Amino acid sequence: MIPEFVTPTVEWAPLTPVLFVLGAAVVGVLLEAFLPAGLRRPVQIGLSLLATGGALIAVAVLWGPVMDTGGYDVLGGSLIVDGPTLVAQGLIALLAMLSVLVMADRTAAKEDAFAPMVSASPGSDYERLALRRGMQQTEVYPLLLFATGGMLIFGSTGDLLTMFVALEVLSLPLYLLAGMARRRRLQSQEASLKYFLLGAFASALFIFGVALIYGATGSISFSGIAAAVPTPTGTEPLLLAGAVLLLTGLFFKVGAVPFHLWAPDVYQGAPTPITGFMAAATKVAAFLAILRVVYVMLYGLGWELTAVLWTVTIASMLVGTVAALVQNDIKRLLAYSSVAHAGFVLVGVTALDVRGPSSVLFYLLAYGLATVGAFAVISLVRERSASGGVTAEATSLGQWSGLGREHPVIGAAFVLFLLSFAGIPLTAGFVGKFAVFSAAVSGDAWPLALIGVLASAAAAFAYVKVIVAMYFPTTERTQGDGEESEAAPTSGAAGTTLVAAPARTTTVTVVRTEGWATVAIGVSAILTVLLGVLPGPVLDAIEQISLFLL
Amino acid sequence: MENFPWLTTLMVLPLLGATVLWLPTSLRARAREIALGVSVLVLVVAGLAALSFDTSAASTHQLTETYSWIGSLGVSYALGVDGVGLVLILMSVLLVPLVILAAWREQGSGTHVTDNLRRYLALALVLEAFMIGVFAARDVFMFYVLFEAMLIPVYFMIGGYGKDSSRRRHAAVKFLLYSLFGGLIMLFGVIGIGLNGPDGPGRFLTENLTGLALDPVTERWFFLSFFIAFAIKAPMFPVHTWLPDAAEQAPAGTSALLVGVLDKVGTFGMLTLCLPLFPNASQWAAPVIIVLAVISVVYGALLAIGQKNMYRLVAYTSVSHFGFIVLGIFAFTSTSVAGSSFYMVNHGLSTGALFLLVGFLVARRGSARIADFGGLQKVAPVMAGLFLVVGLSALSLPGLSTFVSEFLVLVGSFARHPAAAIVAASGVVLAAIYILWLYQRVFTGGVPADTEEQTRRGLVALSSLPDLRGIERWAVAPLIGVMLVLGFWPSPALTLVRPPAEQTLQHVGVEDVPTRTAEVDQ
């Protein structure tokens with residue numbers, strides 16, 4: 001006898017943010033096929049902004065009802081729309097919107113950051129032809145929307161299979177986008193391949209973990225697993241192994257040590273607007289997933305997982321910081337700094353304190369804004385060849401020498417983002433650091449907070465190095481007053497290794513563009529300062545939601 | 001005028017001034033006048049604020065303003081000053097216009113105001129706002145925020161406007177890293193003490209955090225996290241090495257603000273945060289700190305004697321002076337603590353003036369090397385006279401206010417730690433050596449002709465050095481005037497700093513040791 005098929009009732013309203021974005025993505029693919037080439041770009045940009053903006057508005061509309069009811073359990077737990085979900089979805093939508101702006105920006109020669117024809121091999125006749133025709137790869141916008149859609153679901157789901165599907169939906173477009181850079185295409189393709197191979201490996205571990213957990217608990221829904229965790233019946237090793245494998249997959253996505261090795265290469269090789277998006281938005285989604293796994297699904301296992309969480313947290317902070325100190329490429333520097341930041345965010349997770357989730361979300365907001373802004377600035381700093389044509393990005397620190405003096409506004413914005421990364425007061429980054437370290441001290445994990453502040457102090461040097469290069473270049477020489485031998489510094493305690501500016505073969509400039517990226521930089525900078533000076537309202541709002549719906 | 005937000009006004013005015021200087025308007029051309037005007041206005045407003053301060057209740061915080069700032073963290077925007085905070089604010093706002101005057105001709109030639117000078121003035125104004133805020137903050141979180149935020153303008157003031165570029169960057173980075181390191185360690189303590197505060201609004205207010213019964217071990221950790229940050233800032237031996245580098249490389253005005261005001265935040269923090277918040281730990285650590293302070297006094301003075309560069313010399317004298325201040329604070333007698341509070345003000349005036357004068361000298365000659373000078377008394381008599389008076393204030397000549405404070409610190413410390421006070425007193429003798437010897441080498445004797453090597457370095461001939469100009473005289477004269485007035489008539493300042501000192505000792509919970517200094521006090 002075949003059981004009667006029951007049509008599930010679907011509450012559409014709580015799904016709207018996801019529907020907007022994924023719907024727009026599908027429409028975008030169709031438009032790509034039917035619209036004439038000239039129209040594609042403006043329509044795609046408009047559609048992307050509309051979709052992400054719509055998602056943002058939908059989140060705002062849903063906020064009231066969710067706060068009143070505690071949240072919705074949609075599609076039998078496939079999507080859990082509770083407070084943390086809404087905050088994370090709002091964050092992702094905002095960061096995606098800013099990233100679209102950065103992606104859309106073009107130089108005066110109508111060149112964006114993406115290869116005119118990705119399928120043409122670098123240096124081939126096809127590529128030259130595509131370049132001459134001024135072709136544009138407008139598929140990037142639907143791809144970005146697909147990734148965003150995956151992120152919106154990833155941290156908001158209540159069962160492991162949906163989570164896996166979301167993981168793939170968010171990852172596959174990113175693998176592609178990472179390989180689409182206009183300049184330094186081989187490096188970009190290498191980044192893409194690396195990201196794909198390691199990502200596929202992490203996905204495999206993740207799904208293997210899901211299988212083990214299912215074997216141990218007989219459930220793939222968070223609530224089912226959570227209920228089974230306190231009373232494991234002889235299958236505890238299985239459960240534990242599953243949990244560790246699952247977390248490995250998630251740690252890979254946030255770039256936590258020892259699963260961070262892809263980060264520097266991919267960050268460096270990917271088109272800069274994509275790097276910013278990847279670094280900022282993926283972290284929001286993946287950290288919400290980690291929070292859900294650690295605080296909801298495996299809460300009963302908290303004690304057993306402590307060793308794993310602490311090791312990864314501490315290792316991320318230390319390795320990320322130390323490696324960032326010795327980088328001479330600005331994108332690699334920010335990549336390692338993002339590893340360190342993953343560690344700082346994990347401090348809030350590992351605290352296992354009620355303040356943990358809200359502090360993590362605020363930190364991600366601060367970090368995300370600074371990241372999108374910083375990479376937007378990097379995308380504008382270009383080499384200019386002797387003939388005056390703007391070429392590739394100037395990412396070597398030596399090339400940034402004196403940039404702050406020559407371009408005061410953009411320079412000041414970049415310094416602001418760096419200060420926010422460093423956690424200097426009156427920037428959003430400081431409030432975020434304060435929140436996660438508070439959660440750690442309050443959750444009796446004070447050694448993490450102590451290591452965290454020490455790592456922050458060390459990491460500050462990496463950022464200061466950039467500021468020094470930008471504002472106090474070595475090339476600028478005032479009259480030498482001949483005191484070199486006499487008043488040498490008293491000690492080498494600070495151990496300063498400053499970047500020397502190499503002889504410039506090409507000049508470096510902040511390129512003139514259509515201004516989209518500047519808007520994104522401006523918004524990021526204003527929000528970074530606002531959230532640093534008056535974080536009260538946002539913190540209050542995030543604080544309300546710290547409880548997860550099971 | 002009862003509830004007028006004096007302190008907020010004091011902070012907002014310089015920020016507004018800085019904004020005007022930053023905006024691309026035609027006002028930029030008059031940057032010097034605007035900056036000077038704003039800083040004088042701040043000085044006037046601070047004077048008015050001081051008039052509405054009730055001196056009979058100097059130990060309580062007055063002119064208070066309290067608002068919730070970050071509700072969910074329990075952070076307040078809370079301002080208010082007791083006697084110590086008030087005198088330090090007055091000292092700071094006096095110093096800023098003089099530094100601006102001193103920079104009048106430094107980078108701009110004639111009437112032309114360069115972008116560099118404009119930015120420098122804007123940074124100085126931002127710094128002034130933060131300095132006022134940090135002396136007035138009644139909330140530990142707010143104190144911390146301003147304490148750290150101050151670093152950024154100073155960093156750019158050192159790194160962007162000094163002399164030799166590569167060593168200047170080195171000095172700026174060293175300053176920033178030392179300070180950030182201390183500051184982030186302090187962050188740990190701020191978080192910790194905040195979590196021990198009362199729940200809800202006002203969690204970080206100093207009055208709510210005073211008198212907590214903390215676990216002794218925890219208290220020591222927190223104390224250390226604060227103290228290390230303050231010791232770096234002060235700067236004390238053995239974490240003083242950033243100061244000579246920074247002072248040597250920065251423009252003289254920056255050094256005057258850095259050493260005169262900014263470093264006081266370190267000792268101010270020890271006095272107003274470490275002692276009341278962590279009384280038991282303060283007593284526990286006092287012996288070690290006193291030893292370090294005495295080492296600072298003697299070591300700083302000895303190194304000052306050996307310096308060949310004038311900026312470095314003045315920087316090392318400050319290490320020595322800060323040793324005195326810390327000694328007085330941790331000797332725990334009302335006389336020594338009050339003396340230290342007064343010392344902070346006097347040192348700001350004296351060292352500020354000294355840095356400005358050295359700056360004028362160096363700008364004229366084009367070298368900071370002491371060996372490049374000689375016999376200037378004949379060439380620049382006004383400069384020589386002012387330099388002598390300021391120098392004598394640095395060695396605490398009676399009749400100048402520095403004498404009163406040094407005397408109080410030594411007498412007060414002697415009552416509790418005779419040995420430490422006796423060793424520290426040798427710092428007074430050493431001070432005579434480094435100042436008078438400096439004066440002798442620079443100003444007395446005949447005017448030497450330039451050696452071949454000096455000519456090659458493009459130095460301006462000594463015999464043609466101009467004396468102090470009008471503006472420059474006015475940049476130094478007010479400081480000397482205040483030191484003279486307070487030297488003969490210190491009681492206005494002492495009535496402001498003594499009650500807070502007694503109050504602090506009550507918080508620490510030690511018996512005061514009476515000293516026979518009534519005649520100086522009154």
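## Chain A as a whole

Of the 550 residues that make up chain A, 59% count as buried, in a model that is predicted. The secondary structure of this chain comes to 20 helices and 5 strands. Among the contacts in chain A with a separation of 6 or more, 79% are accounted for by residues 24 or more positions apart.

The C-alpha atoms of chain A, taken along the principal axes, fill a box of roughly 90 × 65 × 40 Å. The radius of gyration of chain A is 24 Å, which agrees with the value near 24 Å that a compact globule of 550 residues would have.

## The pairing of H13 and H14 in chain A

Helix H13 of chain A, which covers residues 330-350, packs with helix H14 of chain A, which covers residues 356-380, at an angle of about 170°, and their axes are 9 Å apart. Because angles over 145 degrees count as roughly antiparallel, H13(A) and H14(A) are therefore roughly antiparallel to each other. On the side of H13(A), the contact is made by A:Ile330, A:Lys331, A:Leu334, A:His341, A:Phe344, A:Val345, A:Gly348 and A:Val349. H14(A) contributes A:Gly356, A:Ser359, A:Val360, A:Tyr363, A:Leu364, A:Tyr367, A:Ala374 and A:Ile378 to this contact. Sorted by class, the contact of H13(A) with H14(A) has 11 nonpolar, 4 polar and 1 charged residues.

## The surroundings of A:Ala459

A:Ala459 lies in helix H18 of chain A, which covers residues 446-471. This residue counts as buried, because 27 C-beta neighbours are found inside 10 Å of A:Ala459, where 20 or more are needed for that class.

When residues up to four places away in sequence are not counted, A:Ala459 touches A:Thr321, A:Ala324, A:Ser337, A:Ala340 and A:Ala422. One of these, A:Ser337, is within the residue range 330-350 of helix H13, and A:Ala340 is within that range too. A:Met317 is 142 residues apart from A:Ala459 in sequence, whereas the two are 9.3 Å apart in space, C-alpha to C-alpha.

## Chain B as a whole

Chain B has 522 residues, of which 64% count as buried, and there are 23 helices and 2 strands in this chain. Residues 24 or more positions apart account for 81% of those contacts in chain B that have a separation of 6 or more.

Taken along the principal axes, the C-alpha atoms of chain B fill a box of roughly 70 × 60 × 40 Å. A compact globule with 522 residues would have a radius of gyration near 24 Å, and the 22 Å of chain B agrees with this.

Helix H7 of chain B, which covers residues 165-196, has 32 residues and reaches 46 Å from its first C-alpha to its last, close to the 46 Å expected at 1.5 Å a residue. Of the 32 residues of H7(B), 27 are buried, so this helix is largely enclosed by the rest of the structure.

The axis of H7(B) and that of helix H5 of chain B, residues 140-149, come within 10 Å and cross at roughly 170°. H5(B) and H7(B) are therefore roughly antiparallel to each other. From H5(B), the contact is made by B:Val140, B:Phe141, B:Tyr144, B:Phe147 and B:Glu148, and from H7(B) by B:Gly183, B:Met186, B:Leu187, B:Val190, B:Ile193 and B:Gly194. By class, this contact of H5(B) with H7(B) has 8 nonpolar, 2 polar and 1 charged residues.

Key:
Residues are numbered from 1 along each chain as its sequence is written. Chains are lettered from A and ligands numbered from 1 in the order in which they are written. This is a predicted model: local features need pLDDT of at least 70, side-chain atom pairs count only at pLDDT 80 or more; totals for chains, interfaces and linings use all residues. Axes are lines fitted to C-alpha atoms, for helices over the stretch in contact, and angles run from 0 to 180 degrees between N-to-C directions. Helices (H or I, at least four residues) and strands (E, at least two) are DSSP runs, numbered from the N terminus. Angles under 35 degrees count as roughly parallel, over 145 as roughly antiparallel, 65 to 115 as roughly perpendicular and the rest as oblique. Two residues are in contact if their C-beta atoms, placed from the backbone, lie within 7 Å. Ala, Val, Leu, Ile, Met, Phe, Trp, Tyr, Cys and Pro count as nonpolar, Asp, Glu, Lys and Arg as charged, and the others, Gly among them, as polar. A residue is buried if 20 or more other C-beta atoms lie within 10 Å of its own, exposed if 12 or fewer, and partly exposed in between; C-beta atoms are placed from the backbone. The radius of gyration is taken over C-alpha atoms; the globule rule is 2.2 Å times the number of residues to the power 0.38. The expected span of a helix is 1.5 Å times one less than its number of residues.
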